[in-house]
Amino acid sequence: MYNIEFAIKDLDNDGLVEIIGAGQSSKLTNEATTVMAMFSIADGDTETTGLDFDKFTVTDPKGVVEEGKLSNLSFASYDFGDVDNDGDFDFLISGYSFDGYKTLLFENKRALDENGVAVQPIEVYFEEKANDFVSVKEGTADFVDFDADGKLDVLFSGQSSSGDIVKAYKNGDDGFTDMNVGLPAVRDGRFVFGDFDSNGFADVVYSGTVSGQGKVTKMSTWNTESNIMVDTGYDLSMYEDANIGVADFDGDLDADLVITGKNKFEQDNNSYYGFISDVVMNVRGFAGPAGGGIANDDSGDYREGKPLKKSVGVKKTYGLNARPFPPTEVNFQRSRLGAYNPDTDNGGNKTSVRTGSAGNEQALFEMVITWSGAVDTDADGKKTPSEGLTYSVRIGTTPGGEEILAAGSDIDGVKAVADAGNAENNLSWKVNVPMGDYYVAVQSIDASFIGSTFSEEKKYTVTSAFKLGDSNGDDGVNILDLTTNLDYILGNNPKVFVQEVADVNGDGKIDVTDISAIVNIILNGTGSVANGSNYDPYDWEYFSNKPVGNATLVYTNGRIYLENEKPVTSLQFSMDATIDYELSEDLKNLSVVNFVEDGKRTFLIYSYNNQPINELTNVVFDYLDINDNEDLEINNLRAGTNDGLVLDLKYSDERFFDSLDDSIRIYPNPANSNVNLLTDVTKNVETLNVNIYNVLGVSVYSTTLENMGRLNDLDVSMLASGIYTVQVRMITKGNEEIISVHKLIKK
């Protein structure tokens with residue numbers, strides 16, 4: 001490869017970096033196409049703890065994307081960044097191919113096997129995502145958070161189909177939109193970002209060719225009022241085609257520069273001064289501690305001193321800078337990488353595809369580390385917005401160690417390299433680890449690439465056993481697991497979801513009955529753990545998924561009623577999303593969640609103490625806007641009851657009572673041997689007195705039904721064929737008497 005560029009990132013979240021090399025296949029520009037390869041760092045001595053300096057190896061190269069995507073791409077530029085904030089690095093490349101300009105955006109993915117299980121060892125690939133970005137050649141493609149909102153924006157520069165350009169896109173909730181950042185069109189450029197004026201936002205030093213100006217190297221800073229880059233007047237154009245680095249060289253907590261390039265004022269390429277390099281100190285009116293060390297640490301003391309030299313360029317007020325505060329809370333979750341969910345042994349247990357990678361029978365877990373958002377120190381009213389802070393995670397197998405993931409800082413949090421944190425703007429990061437003890441700490445990093453001290457180090461033990469109901473894999477069963485199940489049902493894709501224990505009743509589905517079962521575990525402390533350390537098979541005592549009773553949603557008189565024989569602690573059902581409705585006021589003390597998907601509105605009704613719904617009301621909807629001739633379908637029916645068990649929930653459309661003059665229906669009619677007596681759900685009948693008379697008015701059958709349900713079976717097989725009169729006397733629980741008379745034909 002020629003004109004090589006490198007990126008060093010942990011792409012597969014195993015704590016060891018990958019090296020991406022990208023370059024051209026030939027010295028000749030008109031023949032060159034893009035070549036990319038990924039090399040992984042591997043531990044060359046597994047007998048020792050950690051990665052020894054001289055005992056690591058580099059794997060054989062592997063392709064990063066489909067070879068055909070890049071084979072015709074030349075003059076390319078690229079960058080890596082977590083553009084979708086999902087805890088891994090995505091990939092952007094722009095260039096020129098035989099069929100024109102092209103920009104490709106790839107999302108970081110994990111290879112899965114035929115069962116949907118992550119292949120072990122982890123295999124990373126990049127899946128192309130549609131984009132509307134401009135395309136450039138002989139330019140740059142950079143991820144940068146211009147507005148410090150915690151989302152990576154995109155900047156392109158170079159030659160496009162319409163000429164030299166600079167083009168930015170803002171990353172928002174609805175995707176990428178055009179963004180004016182006030183920079184000139186640059187060809188053959190380089191852009192390096194850092195907060196040079198300590199106002200908390202990324203500034204830029206760029207070098208390249210600008211039409212009408214020739215080769216320039218300049219600095220622009222972000223103006224928070226106009227939200228664009230403004231030229232500082234600080235001209236570094238004596239360095240042509242410059243390479244630029246950023247670091248805090250003098251320990252005063254601001255961004256200095258190291259710069260090298262061709263000497264603009266020396267035309268003799270053989271001259272000693274043909275190429276020049278310098279370190280340029282950022283001097284903003286204060287000095288470090290008299291005894292040396294770090295200035296303006298988080299002790300709250302700020303040292304101001306006289307400028308070491310006058311700054312060059314336009315007059316500008318610079319802010320003081322101080323170390324940001326570290327995150328205050330760090331938490332852990334885990335989920336197994338080698339698991340899938342179908343019930344393959346017909347015994348109610350879940351089984352796994354594998355227990356570990358080939359040649360190493362260690363099961364891997366995806367450990368997700370989350371932390372509270374930090375804040376920057378407000379030294380003089382200017383600071384990096386909380387959303388603009390980045391974070392570095394330190395993970396070791398020993399206290400204070402970095403055997404798994406290095407933070408790029410020393411033990412005090414002083415950055416060794418001026419760059420964003422290894423977790424970027426995320427408040428969580430994931431890493432794939434085997435069972436064992438891990439020590440984790442997190443630091444925040446401001447826009448000047450100054451790091452905070454580390455958070456208090458926490459120890460976390462990754463084990464193979466999960467508690468039943470521990471949906472979020474944090475080794476406890478609590479309200480967070482309930483909300484994790486709810487997020488999963490709502491399609492919110494929780495960062496960690498351990499389905500094998502979230503499915504508390506082992507029926508292969510996640511629904512409201514699992515929520516009420518988790519509540520039961522919380523209230524009774526009955527969460528169990530898989531026995532032993534072996535992953536195959538699971539050994540949880542799942543809650544029974546066999547219905548222990550019946551319940552019915554009944555539609556009549558414009559309302560939906562709940563009919564049940566056992567307590568109903570949770571409900572889930574779906575209906576047409578276009579139907580207007582009013583829920584019963586008596587449900588206000590319960591949690592009622594609804595969401596729309598594929599034209600259906602799904603309702604989930606539950607409580608945090610498994611309060612039986614039927615003890616509060618037997619009315620679910622007070623009103624439904626449906627015409628008499630319209631069908632109402634209610635499906636996806638689930639109901640939970642006490643002890644985390646389930647009921648068989650059905651739906652019954654009984655609008656025929658709306659047009660009947662009485663409150664009972666007798667069917668079938670004509671009858672052979674038996675008839676059903678169905679009473680109106682709104683009447684709450686306690687006793688039925690039934691008398692059957694022949695055509696002469698003589699009573700031929702009489703019975704009394706007490707403490708019965710609404711549907712009762714009546715044996716009329718002893719009657720001769722003919723026409724009969726059936727008189728039904730109903731006594732309600734409110735002691736109301738209702739008499740109705742019906743004709744019955746006996747076959």
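Is Arg-729 buried, partly exposed or exposed? In this predicted model, Arg-729 has a relative accessible area of 31% and is therefore partly exposed.

The protein chain consists of 747 residues, of which 51% count as buried. Its secondary structure comprises 6 helices and 41 strands. The accessible surface of the chain amounts to about 34,000 Å², and 46% of that area comes from carbon and sulfur atoms. When contacts between residues at least 6 apart in sequence are considered, 60% of them join residues at least 24 apart.

Salt bridges were examined next. Side chains of opposite charge can pair when their charged atoms come close. The structure contains 22 salt bridges. One of them pairs Lys-459 with Asp-437, and the closest N and O atoms are 3.7 Å apart. Because Lys-459 belongs to strand S25 (residues 458-462) and Asp-437 to strand S24 (residues 436-445), this pair ties together parts of the chain that are 22 residues apart in sequence. Asp-437 is partly exposed, as its relative accessibility is 33%.

A further salt bridge is formed by Arg-559 and Asp-622, with an N to O distance of 3.4 Å. This pair connects distant parts of the chain, since Arg-559 is in strand S27 (residues 559-564) and Asp-622 is in strand S32 (residues 619-624), 63 residues apart. Both partners fall in the intermediate class of accessibility: Arg-559 is partly exposed at 31%, and Asp-622 is partly exposed at 28%. Elsewhere, salt bridges link Glu-107, Lys-109, Glu-127 and Lys-129 in a network.

Strand S24, which contains Asp-437, also contains Gln-443. In contrast to the partly exposed Asp-437, Gln-443 has a relative accessible area of 0% and is therefore buried. Beyond its neighbours within four places in sequence, Gln-443 contacts residues on both sides of its position in the chain, among them Pro-327, Thr-390, Tyr-391, Ser-392, Ala-407 and Ser-409, as well as Gly-451, Ser-452, Thr-453 and Phe-454. Gly-413 and Lys-415 are also in contact with Gln-443. The C-alpha atoms of Gln-443 and Arg-394 are 8.4 Å apart, although the two residues are separated by 49 residues in sequence.

Among the helices, H2 (residues 479-489) and H4 (residues 512-524) were considered as a pair. Their axes come within 9 Å and cross at roughly 175 degrees. This angle makes H2 roughly antiparallel to H4. On the H2 side, the residues that meet H4 are Ile-479, Asp-481, Leu-482, Asn-485, Leu-486 and Ile-489. Their counterparts in H4 are Val-512, Asp-514, Ile-515, Ile-518, Val-519 and Ile-522.

Val-698 counts as partly exposed because its relative accessibility is 44%.

Notes: Residues are numbered from 1 along each chain as its sequence is written. This is a predicted model: local features need pLDDT of at least 70, side-chain atom pairs count only at pLDDT 80 or more; totals for chains, interfaces and linings use all residues. Side-chain values use heavy atoms; hydrogens and water are left out. Buried means under 20% relative accessible area, exposed over 50%, partly exposed in between (1.4 Å probe, protein chains only). Axes are lines fitted to C-alpha atoms, for helices over the stretch in contact, and angles run from 0 to 180 degrees between N-to-C directions. Helices (H or I, at least four residues) and strands (E, at least two) are DSSP runs, numbered from the N terminus. Angles under 35 degrees count as roughly parallel, over 145 as roughly antiparallel, 65 to 115 as roughly perpendicular and the rest as oblique. Contact means heavy atoms within 4.5 Å. A salt bridge is a side-chain nitrogen of Lys or Arg within 4 Å of a carboxyl oxygen of Asp or Glu. Accessible areas come from the Shrake-Rupley method with a 1.4 Å probe; for residues, only the protein chains shown count as cover.
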